[in-house]
Amino acid sequence: MPIKSQGCAHTEEGGGVSTSKKTSLQSNSDREDSPPLSDDLPRILRKRLLPRGYPLPSKFAGGIRLVNTFELCFGKLDGYNEEHTSIKLLALSVCRSIVSLASFKGRIRQFTCTGTIIEHTPPSMRILTSASLIRSSEEDGSKILDKLKIKVRLPSGKLVIGTLWKYDSYYNIAVVNIKASPELREACIHNQVPANVKLSQSKLVAIGRAFESGELMATGGTLLHGTTKFDCQQLMASTCKITKAGIGGLIVGSDGKFMGMSFYYKDGAPFLPFSILQKCLKHFNKFGRVVQLSLGLRIGSLQAEKLHVREQVHDSFPNAHGIYVQMVSDKSPAADSGIKVGDVITKIDKLELFNAQEVLFFCISIFYLETIL
């Protein structure tokens with residue numbers, strides 16, 4: 001499982017109640033001139049927080065605030081500069097494909113996120129989004145909740161009911177079906193970036209939609225060389241600063257080509273490349289699930305490796321670039337093929353390599369072709 005459930009937690013970073021000023025708050029509440037706490041406050045907080053799935057504060061004291069909520073938008077594009085203008089145009093070009101979703105258990109909201117219309121097969125449409133929509137926010141988030149009601153907010157603000165079609169816990173993706181609507185447009189996700197394009201430092205735009213307000217959101221960033229802090233090697237890293245409302249949203253290049261689906265991390269949105277997403281969607285259609293392929297190795301971009309590793313490689317290959325092999329499992333397909341720790345993979349079948357995702361995508365593509373023959 002690459003990404004644990006990205007729901008609310010009881011910490012400031014996870015979207016819960018901030019109590020970092022606990023000492024000063026307590027001393028202030030003990031003062032004689034402090035206003036008495038209203039008896040209506042607990043009732044008001046329960047009415048506002050519990051239906052949205054947010055935690056209640058352990059103590060009803062003044063100054064406590066809710067942080068990292070699903071209503072927090074990103075990308076305040078108020079400027080008139082060229083960069084902001086191009087980001088807005090990219091977001092507007094796909095706005096009719098971007099929706100927001102929320103899951104409910106009874107009257108209590110469990111999660112909200114962004115989704116993209118990926119297929120229109122009358123009389124229904126399919127939405128690609130994050131599987132966090134249907135996962136428990138407790139413990140490690142591996143539990144899939146049943147009997148959830150899924151609501152989808154369209155660009156017009158209209159709410160419709162969605163039904164879960166397929167999901168994959170490892171890649172943390174889900175597909176939701178809704179009734180076809182003339183206001184929606186299928187995103188051309190097949191217009192992906194070719195695997196042999198050098199992507200490092202490419203300009204990116206993250207796009208999402210808030211659930212309650214229905215607001216379209218977008219922000220810019222760049223693609224990073226390094227890997228993410230999540231377990232899934234296929235995730236790519238970016239500097240796009242999104243909020244939790246953008247989970248499951250689009251990542252597009254500055255040329256408008258679709259790059260992947262975003263997740264949330266405070267330092268920048270990691271995203272799953274569309275090459276992997278397409279493989280998952282094909283597997284959903286053919287097998288009803290995603291068939292996993294284990295190569296038995298851990299790899300990363302040579303440019304992102306630490307300096308002492310770069311020095312070792314530089315001594316033998318001063319101008320080397322490509323993929324560095326960090327780990328090889330015993331008796332794995334990678335070990336059987338002769339790959340060793342410290343190897344640098346520069347090409348596969350005459351295809352120059354610049355990031356680890358290209359290697360994994362190439363192997364997955366070959367595996368997929370073999371499984372359908």
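Guide: T129 reaches out with its side chain to the backbone oxygen of T114, at 2.7 Å. That's a polar contact, meaning a pair of N or O atoms within 3.5 Å; within protein, one must be able to donate a hydrogen and the other to accept it, and residues adjacent in sequence count only if both atoms are side-chain atoms.

Visitor: What kind of model is this, and how are residues numbered?

Guide: It's a predicted model: local features need pLDDT of at least 70, side-chain atom pairs count only at pLDDT 80 or more, and totals for chains, interfaces and linings use all residues. Residues are numbered from 1 along each chain as its sequence is written, and side-chain values use heavy atoms, with hydrogens and water left out.

Visitor: Where's T129, then?

Guide: In strand β5, residues 124–130. Helices (H or I, at least four residues) and strands (E, at least two) are DSSP runs, numbered from the N terminus.

Visitor: Buried or exposed?

Guide: T129 counts as buried because its relative accessibility is 0%. The cut-offs: buried is under 20% relative accessible area, exposed is over 50%, and partly exposed is in between (1.4 Å probe, protein chains only).

Visitor: Which residues is T129 in contact with?

Guide: Leaving aside neighbours within four places in sequence, they include L101, C113, N172, I173, G248 and M261. Contact here means heavy atoms within 4.5 Å.

Visitor: What does β5 belong to?

Guide: A closed barrel of six strands, in the order β3-β4-β5-β8-β7-β6, with antiparallel pairing. On average, neighbouring strands of this sheet are turned by 40 degrees against each other, direction ignored. Axes are lines fitted to C-alpha atoms, for helices over the stretch in contact, and angles run from 0 to 180 degrees between N-to-C directions.

Visitor: How many bridges join β6 to β7?

Guide: Four, between β6 (residues 149–153) and β7 (residues 159–168), which run antiparallel. I150 stands opposite G162 in β7. Two strands pair if DSSP finds at least two bridges between them.

Visitor: Is F284 buried or exposed?

Guide: F284 is buried, at a relative accessible area of 2%, while W165 is partly exposed at 24%. Y170 and Y171 also pair: their ring centres are 4.9 Å apart and their planes at 80 degrees, so that one is edge-to-face.

Visitor: What lies over the face of W165?

Guide: R126, at 3.6 Å from the ring centre. R153 lies over the face of F211, at 5.1 Å from the ring centre. A charge sits over a ring if NZ of Lys or CZ of Arg is within 6 Å of the ring centre and within 35 degrees of the ring normal.

Visitor: Last one: which strand does β9 pair with over four bridges?

Guide: β12 (residues 250–253), in the antiparallel sense, where L250 is the bridge partner of I207. Seven bridges also join β9 to β10 (residues 216–224), again antiparallel. As for cover, six of the seven residues of β9 (residues 203–209) are buried.

Technical notes. Phe/Tyr/Trp six-rings, centres within 6.5 Å; stacked < 30°, edge-to-face > 60°.
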